[in-house]
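User: I would like to understand how the words used for a protein model follow from their definitions. Could you take me through the structure below, one term at a time?

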Amino acid sequence: RMSGPIPSEIGKCHNLVRLTLSNNTLSGTIPSEFGALTSLEYLQLWNNLLSGFIPAELSQCTDLVIADFAENELTGSVPSSLSRLTNLDYLHFDGNDLTGGLDAFCGIDFEIFSANLCTEPDKVE
């Protein structure tokens with residue numbers, strides 16, 4: 001199993017198509033440098049110890065088909081800019097402490113979309 005932070009240098013792998021770092025004990029934040037991975041189709045980060053926000057820069061990954069952030073410790077709201085990813089079929093956020101609404105994602109034809117957002121009044125942003 002891998003542990004520790006995800007190296008931001010992965011963002012320099014511009015031809016990377018699939019990044020699967022799931023089921024480890026990775027910690028820290030998701031590097032905003034991942035936005036430079038414009039050929040990325042599969043981003044699977046589920047079941048780690050990742051914290052902080054989902055970077056809005058991921059909306060620059062226009063080939064993204066699968067994005068799985070489930071079972072981490074992510075906080076904040078889901079970036080509405082992700083709704084502009086027209087190839088996205090699978091988006092999974094369950095098992096985090098995300099807040100806010102998902103209005104930007106209404107009307108998108110996902111194959112699978114799963115998000116349990118925190119609805120406690122003192123946590124909603």
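Analyst: Let us begin with Asn47, which is found in the loop between β4 (42-44) and β5; strands here are DSSP runs of E of at least two residues, helices are runs of H or I of at least four residues, and both are numbered from the N terminus. This is a predicted model, in which local features need pLDDT of at least 70 and side-chain atom pairs count only at pLDDT 80 or more, while totals for chains, interfaces and linings use all residues. Residues are numbered from 1 along each chain as its sequence is written, and side-chain values use heavy atoms, with hydrogens and water left out.

User: What makes the phi of Asn47 worth a remark?

Analyst: Most residues other than glycine have a negative phi. Asn47, a residue other than glycine, has a positive phi near 60°. Asn23, in the loop between β2 (18-20) and β3, is not a glycine either and has a positive phi of about 60°.

User: Why is Asn47 called partly exposed?

Analyst: Buried means under 20% relative accessible area and exposed means over 50%, with partly exposed in between (1.4 Å probe, protein chains only). Asn47 has a relative accessibility of 28%, so it counts as partly exposed, and Asn23 is partly exposed because its relative accessible area is 39%.

User: Why does Asp94 count as buried?

Analyst: Asp94 lies in the loop between β8 (90-92) and β9, and its relative accessibility is 15%, which is under the 20% limit, so Asp94 counts as buried.

User: What makes the pair Asp94 and His92 a polar contact?

Analyst: A polar contact is a pair of N or O atoms within 3.5 Å; within protein, one must be able to donate a hydrogen and the other to accept it, and residues adjacent in sequence count only if both atoms are side-chain atoms. The side chains of Asp94 and His92 are joined by such a contact, at 3.5 Å.

User: Why are β1 and β9 said to stand at the edges?

Analyst: The order of the open sheet of five strands is β1-β3-β5-β7-β9, with parallel pairing. β1 (3-5) and β9 (97-99) each have a single partner strand, so one side of each is left without a neighbour in the sheet.

User: How many disulfides does a search of the whole structure find?

Analyst: A disulfide is a pair of cysteine sulfur atoms within 2.5 Å, and the search of the whole structure finds zero. Cys61 is buried, with a relative accessible area of 0%, whereas Cys13, at 39% relative accessibility, counts as partly exposed.

User: Where does pLDDT stay under 50?

Analyst: The pLDDT is the predictor's confidence in each residue, from 0 to 100, and it stays under 50 over residues 117-125. Where pLDDT is low, the predicted coordinates should not be read in detail. For the protein chain, the mean pLDDT is 85, and 79% of its residues reach 70 or more.

Definitions and conventions. Two strands pair if DSSP finds at least two bridges between them. Contact means heavy atoms within 4.5 Å.
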